[in-house]
Amino acid sequence: MSAAEETLVVVKPDGVRRGLVGEIIGRFEKKGFVVRELRMQTFSKAQAEKFYSVHSGKPFFGELVAFISSGPVVGAVLSGRDAVATVRRMVGATKSWEAAAGTIRGDFGLGYTDNIIHASDSAESFAHERAAFFGNPGG
Ligand code: CMP
C-alpha cells in the first residue's frame, strides 16, 4: 500500500441528531480507512470560530458557527491512501441537494449549512482543523 495520508471528518449536529454517526463512520471503515482518533464534543462559539476561521468574514460565517455549535459533533481522524481527496469524494458536494447519489450528502441530506458532515479539503486544513478539534499535542 502506498503511504497513508490522514484527514479529519466531523459529523455535524444534524448528522448526530439523526443517528447517522455509525452509518457514516462505517462507510469510511468499509472503504478501508482506519480510525485513528475519535471524539464527541459540543463546540463552544470560540472553538467553532477557530475551527472555521478560514470562512471568517464571509456572509454565512455567523450562521455556520451557530449551527456547528448547536449540539454534539463527532470528529474522526481517518488514515488511508489519498485520504483527503478520497474522503471528500465519499462526502459529496457541499450543497447536499446537488450531491451525487452514493455520497454521504447525496444519500442523506438536502441542506447547505446543515450538510451532515465536514471533511478537510487539504493537508493544511487538516492540520488546522485537527488542532482546533482535538487540541495541539503537547501544546
Ligand atoms: P463544510 O464542508 O463544513 O465547510 C464550510 C461550510 O460552510 C460548508 O460545509 C457549508 O455547510 C457552509 N457553507 C459554505 N458556503 C455556504 C453558503 N454560501 N451558505 C451557507 N453555508 C455555506
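In this predicted model, Asp14 is buried yet takes part in no salt bridge, since the nearest side chain of opposite charge, that of Arg18, is 5.2 Å away, whereas a salt bridge requires a nitrogen and a carboxyl oxygen within 4 Å. Asp14 belongs to helix α1 (residues 13-17), and its side chain reaches the backbone nitrogen of Ile116 at 3.0 Å. Leaving aside residues up to four places away in sequence, Asp14 touches Phe67, Asp114, Asn115 and Ile116.

Asn115 is also one of the residues around the ligand, a group including Lys12, Tyr52, Phe60, Arg105, Thr113 and His118. A polar side-chain atom of Lys12 lies 2.8 Å from an oxygen atom of the ligand, and an N or O atom in the side chain of His118 is 2.8 Å from an oxygen atom of the ligand, while the side chain of Thr113 places an N or O atom 3.3 Å from a ligand nitrogen. Of the 450 Å² that the ligand exposes when taken alone, the protein buries 82%.

The structure holds 5 salt bridges. Arg130 pairs with Glu37 in one of them, with the closest N and O atoms 2.3 Å apart, and this pair links distant parts of the chain, as Arg130 in helix α7 (residues 123-134) and Glu37 in strand β2 (residues 34-41) are 93 residues apart. Arg130, at 25% relative accessibility, is partly exposed, as is Glu37 at 23%.

Another salt bridge joins Lys45 to Glu49 at 3.1 Å, both in helix α3 (residues 45-51) and 4 residues apart, about one turn of the helix; Lys45 is exposed at 55% relative accessibility, and Glu49 is partly exposed at 30%. Through shared partners, salt bridges also join Glu6, Glu37 and Arg130 into one network.

Note on methods: Residues are numbered from 1 along each chain as its sequence is written. This is a predicted model: local features need pLDDT of at least 70, side-chain atom pairs count only at pLDDT 80 or more; totals for chains, interfaces and linings use all residues. Side-chain values use heavy atoms; hydrogens and water are left out. Helices (H or I, at least four residues) and strands (E, at least two) are DSSP runs, numbered from the N terminus. Buried means under 20% relative accessible area, exposed over 50%, partly exposed in between (1.4 Å probe, protein chains only). Lys and Arg count as positive and Asp and Glu as negative; His and the chain ends are not counted. A polar contact is a pair of N or O atoms within 3.5 Å; within protein, one must be able to donate a hydrogen and the other to accept it, and residues adjacent in sequence count only if both atoms are side-chain atoms. Contact means heavy atoms within 4.5 Å. A residue is near a molecule or strand if one of its heavy atoms lies within 4 Å of it. Accessible areas come from the Shrake-Rupley method with a 1.4 Å probe; for residues, only the protein chains shown count as cover.
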